[in-house]
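Here are my notes on this model, in numbered points. Please keep the structure open while you read.

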Amino acid sequence: MKTIQAYRFALDLTAAQERAVLAHAGAARVAHNWALARLKAVMDQRRAERSYGVPDELLTLSLSWSLPALRKAWNAAKDTVAPWWPEVSKEAFNTGLDALARGLKNWAESRKGTRAGRPVGFPRFKSRHRTTPSVRFTTGAIRVEPDRMHVVLPRLGRLKLHESARKLARRLEAGTARIMSATARRDGGRWHVAFTVEVERSERLPARPCSVVGVDVGIKHLAVLSTGELVDNPRHLTSAQQRLRALGRALSRKTGPDRRTSRRPSKRWERAAARLGRAHARVANLRRDGLHKLTTRLAVTHPTVVVEDLNVTGMLANRRLARHIADAGFAEIRRQLAYKTSWNGGRLLTADRWYPSSKTCSGCGAVKTKLALHERTYECQACGLVIDRDHNASLNLAALAAESYTAGSGPVAARGADQKTRVRGQVAMKREPGTASAGQTGTVPPQGRTTDQALTKAH
Ligand SMILES: [Zn+2]
C-alpha cells in the first residue's frame, strides 16, 4: 500500500541559517505578490476596456492562472522585479507562485460551486507581518544525513535537527520511502522541516479481528469508548490553557499596533505576543500528542472503529470556545482514524449525521425526543437504564457496526458496504493540525475528503 505521509521535525537553526530561510520565505512572498498584482492589473484593464465597449477579441490578453504560466511570466520579469533573484533558490519563487495558482483555482472552483466546504475568497496579498514564513523544495539535494540529526536542503545546506529523524531515515534506508518535497516553516516561534514522503506500507492485519469500538468525542473527556473507558485529555493541557488565557489578558493590557493611527506596538507588547504565540503552540502540541496517542491505540487494537459524523464546517462557526476546540479535535480524530485504520487493515465507520446516538437507549433502543446538553446521565424511561451520557452514545455507535454486518439488503449494503473497495478509495494522508499547508505551499495534491463509509440505522 502506497501512502503519502508527512514527517515533521523541529530544527535548531543558527542565526545565519534562520536569515537564509527567512530570505527564501520572503522571496516566495515577493513572487506571490508580484504575480497577484499583475493578474489584478490585467483583470482591471479588461474590465475597463469592456466597459468602453471594446470587443472581446481586442481586449488585453488575459493571463493564464496555471503554475507553469505564472512561472514563465515571473522568469521573464524577475531581472527587473527582483534583481537579487540569484541569491535564493528558484524553489522559493515557485513556492509563492504555486500558492497563488492554488488559491486562484480554489477560488474559481468555489465560485463555480464545484468545491466543497466554505466559500473561498480571491487570493490576497501576503504581508510580511502576518504570513507564516515557509519555503518548499521539490527538487535538488534533499536528504537526511547518516547521523540522523541533520538534514540537507538545497541552498540552505546542512541544518541541525532538534530531534532524531530515525523513523524517516530507517524507511529511507530500507527503500520503503521516497522524499517528494521538504518544507521549512516557522510554527509558533520554532522552525520545522516537514518532508512529504511516499511510503510503501506492508499490509497489516488487525490484532483482534472481531473487536468493535464506538468512540464518542466530548469536551470534558477527550473521548468516551464503548468499552466504558474514559480517555482523558493530555496532562498539563488544562494548565496550559489557563496560561493561554492569562497571557491573552496580559497582552491586551499592553500597547499594541493600531492600523488607523499607524501606531507601532511597544516592545512589551511584542514580547507578550511572542509569549502568547509560544503558549498557543504548546497547547496545540499537547492536543496533537493526545489525539495521536488515542487514534493509534484505537486503530491498532480495534479493526472496526465507529464514530459520529458531525457537520464540522457548520460547528466551527460556533463561537463557544470549548465546543469549538472539541469539534476541531473531533475532525482531527476522524481524519487520523481514517488513515490509521486503513494502515492497520481495519475500517472506520461513520454514523449518519442524523443518527440520534445520544438520545437512543443503548439497552432497549428507545429514543428520547429531547436530551439537553447539560444532562450528563442518560436515564431511560422505557427500561430504567441509568448510564453516563457519552458512554451510552459510544455503545450505540458500536452497535451500529454490528447492524452493518447483519443487514443483508438494508440501506447499509445498498450504499456499498464492500470493505475492500472503500479502504482503497480512502485518502490516508497524514497532516498535522495547525500546519494546514495544503493550501499554502507546494505541489503535492491537496488532501482529499476521506471517503468514510456512511451508515444509516437499519430499519
Ligand atoms: Zn432503555
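1. Glutamate 173 pairs with arginine 148, and their closest N and O atoms are 2.9 Å apart. (A salt bridge is a side-chain nitrogen of Lys or Arg within 4 Å of a carboxyl oxygen of Asp or Glu.) Glutamate 173 belongs to helix α4 (residues 166–174), while arginine 148 sits in the loop between β3 (143–144) and β4 (150–153), so the pair ties together parts that are 25 residues apart in sequence. Helices (H or I, at least four residues) and strands (E, at least two) are DSSP runs, numbered from the N terminus. Glutamate 173 counts as exposed, because its relative accessibility is 55%. (Buried means under 20% relative accessible area, exposed over 50%, partly exposed in between, with a 1.4 Å probe and protein chains only.)

2. A word on the source. This is a predicted model: local features need pLDDT of at least 70, side-chain atom pairs count only at pLDDT 80 or more, and totals for chains, interfaces and linings use all residues. Residues are numbered from 1 along each chain as its sequence is written, and side-chain values use heavy atoms, with hydrogens and water left out.

3. How many salt bridges does the structure hold? There are 19. In one of them, glutamate 200 meets lysine 2 at 3.8 Å, N to O. This pair links distant parts of the chain: glutamate 200 is in strand β7 (residues 190–200) and lysine 2 is in strand β1 (residues 2–12), 198 residues apart. Glutamate 200 is partly exposed at 34%. Lysine 2 is exposed at 57%.

4. Now look inside helix α3 (residues 90–112). Arginine 102 and aspartate 98 form a salt bridge, with the closest N and O atoms 3.5 Å apart. The two are four residues apart in the helix, so about one helical turn separates them.

5. Next, the nonpolar cores. (Such a core is a set of buried Ala, Val, Leu, Ile, Met, Phe, Trp, Tyr and Cys residues joined through side-chain atoms within 4.5 Å.) The largest has 44 residues; those touching the most other members include Phe9, Leu11 and Val197. Helix α1 (residues 15–51) gives the most to this core, seven residues. Another core lies apart from it, with 17 residues, among them Val215, Ala223, Leu298 and Phe330.

6. Strand β8 (residues 212–217) deserves a check. Five of its six residues are buried, so the strand is largely enclosed by the rest of the structure. It runs parallel to strand β11 (residues 304–308), joined by three bridges. Here valine 212 stands opposite threonine 304. With strand β9 (residues 223–225), β8 pairs in the antiparallel sense, over three bridges. There valine 217 faces alanine 223. (Two strands pair if DSSP finds at least two bridges between them.)

7. Last, the zinc ion. Which residues coordinate the zinc ion? They are Cys361, Cys364, Cys380 and Cys383, each through SG, at 2.2 to 2.3 Å. (Donors are N, O and S atoms within 2.8 Å of the metal, or 3.2 Å for Na, K and Ca; water is not among the atoms, so sites may look incomplete.) Along the chain, the donors follow the spacing C-x2-C-x15-C-x2-C. Their angles are 108 to 111°, which makes the arrangement tetrahedral. (Four donors count as tetrahedral if all angles lie between 85 and 135 degrees.) Cysteine 380 is buried at 8%, whereas cysteine 383 is partly exposed at 42%.

Conventions
Four donors count as tetrahedral if all angles lie between 85 and 135 degrees; four count as square planar and six as octahedral if opposite donors are over 155 degrees apart and all others between 65 and 115; anything else is irregular.
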